[in-house]
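Visitor: Please take one part of this model and go through it closely. I would like the cut-offs along with the geometry.

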Amino acid sequence: MLAAALAGLQAKGLALTKVPTLKFLIIISGARLLNESWAEKAFSNAICCPSLHFLGETDFLKPYGTVLLESFVDPVVIHHGEGHTIPRLDEKGSELVLSFLEKIQKEGSVLSAALVGLQAKGLALTKVPKLKFLIIISGAKLRNEAWVDKAFSDIIRCPSLHFLGELDYLKSQGTELLESFVDPVVIHHREGHTVPSLDEKGLKLMLSFLLKMQNESWMQRSDATIIALETPGTHYFISAEPGHCTNGMKFATDDSVEGETVTTTPSCKL
């Protein structure tokens, strides 16, 4: 009951005020709140949050769950033959669940592509640090033309990694999205609208991108580091984190004067 009411209460500032806005709801055996006062606050306005509802034929709450549907805009409903429980779905029910989740995933990838452009103009994420990079799977531009102009009117210089699937229905839109970014890194795969399994080439591209982002983050983190060397000669410095050394996070110095102080910055070359 509470889960069904949370989106409405959050919209009015009466619940979940310190967390992001709910993106979607999945409600199994739902019903409105029994307390009429809180029910009025939660459901007085139609709830626009995307929602997926499970209604069981032998569930004692089925009539209440049916009434609950009237409080949501375009609810997705799965009917099943069980009672007040998490049901086992038939093929049709499973397809409905996957379709709903894919729609939510699509909306998320579309928004993430626009966020960095909106942040640069002070229209989004104004209270958090500047985005350092983006990884976009099955991306596309926003559908709202007014927001598209705000997000993509200027070329986006934030480093970005894009996944394009041969069977993805958004492939053409994802390809168009690349034009809005400077030097986008692109991984092509043979799957559809999903998080793909990568081949060796794709995996190397992804790891190379992530390592580059990690290295740039280190270089921007602080000013020069002062290291006092106790003995002259060659000194080697490596990262203690597993895998960092083999990926190049190491360097060496050759100092001939005892007690000399060497000023250096993190490097990825030996």
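Guide: Searching the whole structure turns up two aromatic pairs. Rings of Phe, Tyr and Trp (its six-membered ring) pair if their centres lie within 6.5 Å; planes under 30 degrees apart are stacked, over 60 edge-to-face, the rest tilted. Phe24 and Phe100 are edge-to-face, at 6.1 Å centre to centre and 75 degrees between the planes. This pair links distant parts of the chain, 76 residues apart: Phe24 is in the loop between helix 1 (2-11) and strand 1 (25-28), Phe100 in helix 4 (residues 91-120). Phe24 is partly exposed at 33% relative accessible area. Phe100 is buried at 5%. Buried means under 20% relative accessible area, exposed over 50%, and partly exposed in between (1.4 Å probe, protein chains only).

Phe133 and Phe209 have ring centres 5.9 Å apart and planes at 80 degrees, so this pair is edge-to-face. Phe133 sits in the loop between helix 4 and strand 4 (134-137), Phe209 in helix 7 (residues 200-221), 76 residues apart. Phe133 is partly exposed at 34%, and Phe209 is buried at 5%.

A word on the basis. This is a predicted model, where local features need pLDDT of at least 70 and side-chain atom pairs 80 or more, while totals for chains, interfaces and linings use all residues. Residues are numbered from 1 along each chain as its sequence is written, and side-chain values use heavy atoms, leaving out hydrogens and water.

Now strand 5 (residues 160-165). Strands (E, at least two residues) and helices (H or I, at least four) are DSSP runs, numbered from the N terminus. Six of the six residues of strand 5 are buried, so the strand is largely enclosed by the rest of the structure. Both faces are covered: Ser160, His162 and Leu164 are buried on one side, Leu161, Phe163 and Gly165 on the other.

Next, its partners. Two strands pair if DSSP finds at least two bridges between them. Strand 4 and strand 5 pair in the parallel sense over four bridges. There, Ile136 has His162 as its bridge partner. Strand 5 also pairs in the parallel sense with strand 6 (residues 185-189), over five bridges. Leu161 stands opposite Val185 in strand 6.

Strand 4, helix 5 (residues 145-152) and strand 5 form a right-handed β-α-β unit. Strand 5, helix 6 (residues 171-177) and strand 6 form a right-handed β-α-β unit too. Right-handed means that, with the strands pointing away from the viewer, the path from the first strand over the helix to the second runs clockwise.
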